Number of protein chains: 2
Amino acid sequence: MAEERIFTAALVVIGDEILSGRTQDKNVAQIAQWLNVQGIRLAEVRVVADQEEAIVEAVNTLRARNDYLFTTGGIGPTHDDITVDAIAAALGTGVTHHPKAVATLTRYYETRGGVTQARLRMARVPEGAELIENRVSGAPGIRIGNIFIMAGVPHITAGMLDALTGTLEGGRPVVSKTIGGWVAESEVADILREAEKAHAGVAIGSYPFFREGRVGANFVVRSPDEVLVDRCLADLTRALEGAGHVVTGGGI
Amino acid sequence: MAEERIFTAALVVIGDEILSGRTQDKNVAQIAQWLNVQGIRLAEVRVVADQEEAIVEAVNTLRARNDYLFTTGGIGPTHDDITVDAIAAALGTGVTHHPKAVATLTRYYETRGGVTQARLRMARVPEGAELIENRVSGAPGIRIGNIFIMAGVPHITAGMLDALTGTLEGGRPVVSKTIGGWVAESEVADILREAEKAHAGVAIGSYPFFREGRVGANFVVRSPDEVLVDRCLADLTRALEGAGHVVTGGGI
């Protein structure tokens with residue numbers, strides 16, 4: 001069997017508000033989950049400040065080594081929204097007003113005080129870019145080559161992801177199944193290691209927690225091949241139960 | 001006046017569980033907020049997979065250009081916990097069992113089933129490292145040079161940060177003050193840009209939201225110099241009110 005092609009994506013989160021701790025990022029988890037369904041693996045994330053140099057470095061490094069690059073944040077109408085200019089700089093291209101975005105924004109603001117110069121900033125795109133439909137508010141997302149420029153506000157990004165669903169080439173989605181137990185992961189470390197070693201192509205993650213005053217852990221078995229996942233999960237369950245642990249399917 | 005020294009930190013979040021979207025990261029915001037109080041700016045964050053090569057690249061790039069480097073995750077007892085080995089590899093040093101950590105873990109597990117080889121994995125540190133007290137559970141954090149190796153579980157990291165409070169050299173903490181209004185940021189973009197331009201050393205962030213069916217935005221004025229923040233905030237408030245907007249101190 002030929003080795004399966006794995007599609008990867010990277011994400012650059014652009015925003016002083018994340019680095020200052022003012023805002024809790026939600027786009028990493030949201031985009032990761034969406035990518036999983038498209039059969040694309042989120043391979044790396046960077047959070048950078050609203051500074052052109054930092055954005056350019058991250059974008060150029062990550063787009064070169066991943067199939068897709070997503071960015072979130074910095075596409076609003078204010079002075080601290082510099083994503084479009086930074087990505088144009090990274091690509092060595094100019095910035096232009098996209099006619100369809102101008103039309104969309106003009107229509108959107110018709111009943112909202114009218115379009116202004118500041119609002120038309122949101123129609124600016126790197127030359128050669130296409131738009132990503134914004135199903136929630138006015139300003140569209142932007143696609144240029146393998147770069148997808150999304151909003152910072154999570155529910156707007158959710159709408160843009162929805163518009164992109166099914167349009168990106170991916171591999172087989174990763175299947176992940178979870179079992180959990182009220183057991184310290186340190187007690188079963190050998191069992192986990194052996195189970196992973198015995199099943200090539202499968203990764204086992206161990207995620208401990210403290211809840212209701214007790215120690216427990218969930219064990220997540222992942223692979224694009226569901227048959228392998230099921231086989232590994234069955235062996236792991238058997239080994240844990242053989243060592244006297246009670247295991248809950250689906251995790252705790 | 002001599003230019004003020006700015007202390008920066010970077011954070012490497014280590015964990016497939018963040019990249020798979022299974023777990024919502026909380027350490028970025030928590031560490032950012034803690035660093036602010038220490039007078040240290042979180043300058044950049046990377047989320048990397050549980051892979052030695054990825055960890056080494058991130059650690060070596062970021063520690064070279066920041067005063068401090070924090071990592072979270074991957075210091076538990078299981079096979080997917082490779083942070084200590086990866087950081088030792090990044091530093092070109094060996095790994096050793098820290099005698100104090102061995103003692104701590106032996107004591108901690110005395111009433112919890114006894115210490116085992118797997119549990120003693122959590123006493124492994126890069127050669128020359130010191131421990132960071134874990135006030136919540138058994139396994140300590142690790143400090144080596146300007147690198148701080150913290151837990152992945154947020155409340156354990158919180159305890160480690162608490163133990164580090166006041167021990168790192170920083171500059172003046174950044175002061176940030178917020179005003180908010182039920183106004184579209186695109187309506188006041190010019191006012192924001194002008195206010196920032198008129199006050200060197202101050203950054204204004206604009207954070208739009210949709211709530212209760214209405215559009216609004218918070219404007220955050222930031223600088224290590226509180227006098228500058230207050231002056232800028234007063235001017236910005238005056239300009240917004242002059243344009244007919246109602247402004248709420250502290251934000252909405």
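This is a predicted model: local features need pLDDT of at least 70, side-chain atom pairs count only at pLDDT 80 or more; totals for chains, interfaces and linings use all residues.
Reader: Why is H2(A) called roughly parallel to H7(A)?

Author: The two helices pack at an angle of about 15 degrees, with their axes 10 Å apart. Angles under 35 degrees count as roughly parallel, and H2(A) is therefore roughly parallel to H7(A). The crossing of H2(A) past H7(A) is right-handed.

Reader: How do you know that the length of H2(A) agrees with its number of residues?

Author: Helix H2 of chain A comprises residues 27-38, which is 12 residues. The expected span is 1.5 Å times one less than the number of residues. For H2(A) this gives 16 Å, and the end C-alpha atoms are 16 Å apart, so the two values agree. Just after the helix, Gly39(A) adopts a positive phi of about 75 degrees.

Reader: Which residues of H2(A) are buried, and what do they pack against?

Author: The buried residues are Asn27(A), Val28(A), Ala29(A), Ile31(A), Ala32(A), Trp34(A), Leu35(A) and Gln38(A). They pack against strands S1 (7-14), S2 (40-48) and S3 (68-72) and helix H7 (154-164) of chain A, together with helix H1 (16-19) of chain B.

Reader: What covers the buried residues of H2(B)?

Author: In H2(B), the buried residues are Asn27(B), Val28(B), Ala29(B), Ile31(B), Ala32(B), Trp34(B), Leu35(B) and Gln38(B). Their cover includes helix H1 (16-19) of chain A, along with strand S1 (7-14), strand S2 (40-48), S3 and helix H7 (154-164) of chain B. For H2(B), 12 residues at 1.5 Å a residue should span 16 Å, and its end C-alpha atoms are 16 Å apart, which agrees. Gly39(B), which follows H2(B), has a positive phi near 75 degrees.

Reader: Why is Phe70(B) called buried?

Author: Buried means under 20% relative accessible area. Phe70(B) has a relative accessible area of 0% and is therefore buried. This residue belongs to strand S3 of chain B, residues 68-72. Phe70(B) touches, among others, Ala10(B), Trp34(B), Leu35(B), Phe148(B), Met150(B) and Leu161(B). Phe70(B) and Ala10(B) are 60 residues apart in sequence, yet their C-alpha atoms are 6.2 Å apart in space.

Reader: What makes Ala86(B) count as buried?

Author: The cut-off is under 20% relative accessible area. Ala86(B) has 0% relative accessibility and so counts as buried. Ala86(B) is placed in helix H4 of chain B, residues 83-91. Leaving aside residues up to four places away in sequence, Ala86(B) touches Glu52(B), Ile55(B) and Val56(B). Glu57(B) is 29 residues from Ala86(B) in sequence and 9.7 Å from it in space, C-alpha to C-alpha.

Reader: Why is H8(B) described as roughly antiparallel to H9(B)?

Author: H8(B), residues 189-198, packs with H9(B), residues 226-242, at an angle of about 155 degrees, and their axes are 10 Å apart. Angles over 145 degrees count as roughly antiparallel, and H8(B) is therefore roughly antiparallel to H9(B). H8(B) passes H9(B) in a right-handed crossing.

Reader: Which residues form the contact of H8(B) with H9(B)?

Author: Ile191(B), Leu192(B) and Ala195(B) in H8(B) meet Cys232(B), Leu236(B), Ala239(B) and Leu240(B) in H9(B). By class, they divide into seven nonpolar, no polar and no charged.

Reader: Why is Glu212(A) called exposed, and where does it lie?

Author: Exposed means over 50% relative accessible area. Glu212(A) has 64% relative accessibility and therefore counts as exposed. Glu212(A) lies in the loop between strand S10 (203-211) and strand S11 (214-223) of chain A.

Reader: How do you know whether Glu212(B) is buried or exposed?

Author: Glu212(B) has 64% relative accessibility, so it counts as exposed. Its place is the loop between strands S10 (203-211) and S11 (214-223) of chain B. Glu212(B), also not a glycine, has a positive phi of about 45 degrees.

Technical notes: Residues are numbered from 1 along each chain as its sequence is written. Chains are lettered from A and ligands numbered from 1 in the order in which they are written. Side-chain values use heavy atoms; hydrogens and water are left out. Axes are lines fitted to C-alpha atoms, for helices over the stretch in contact, and angles run from 0 to 180 degrees between N-to-C directions. Helices (H or I, at least four residues) and strands (E, at least two) are DSSP runs, numbered from the N terminus. Angles under 35 degrees count as roughly parallel, over 145 as roughly antiparallel, 65 to 115 as roughly perpendicular and the rest as oblique. A crossing is left-handed if the near helix is turned anticlockwise from the far one by less than a right angle, and right-handed if clockwise. Contact means heavy atoms within 4.5 Å. Ala, Val, Leu, Ile, Met, Phe, Trp, Tyr, Cys and Pro count as nonpolar, Asp, Glu, Lys and Arg as charged, and the others, Gly among them, as polar. Buried means under 20% relative accessible area, exposed over 50%, partly exposed in between (1.4 Å probe, protein chains only).
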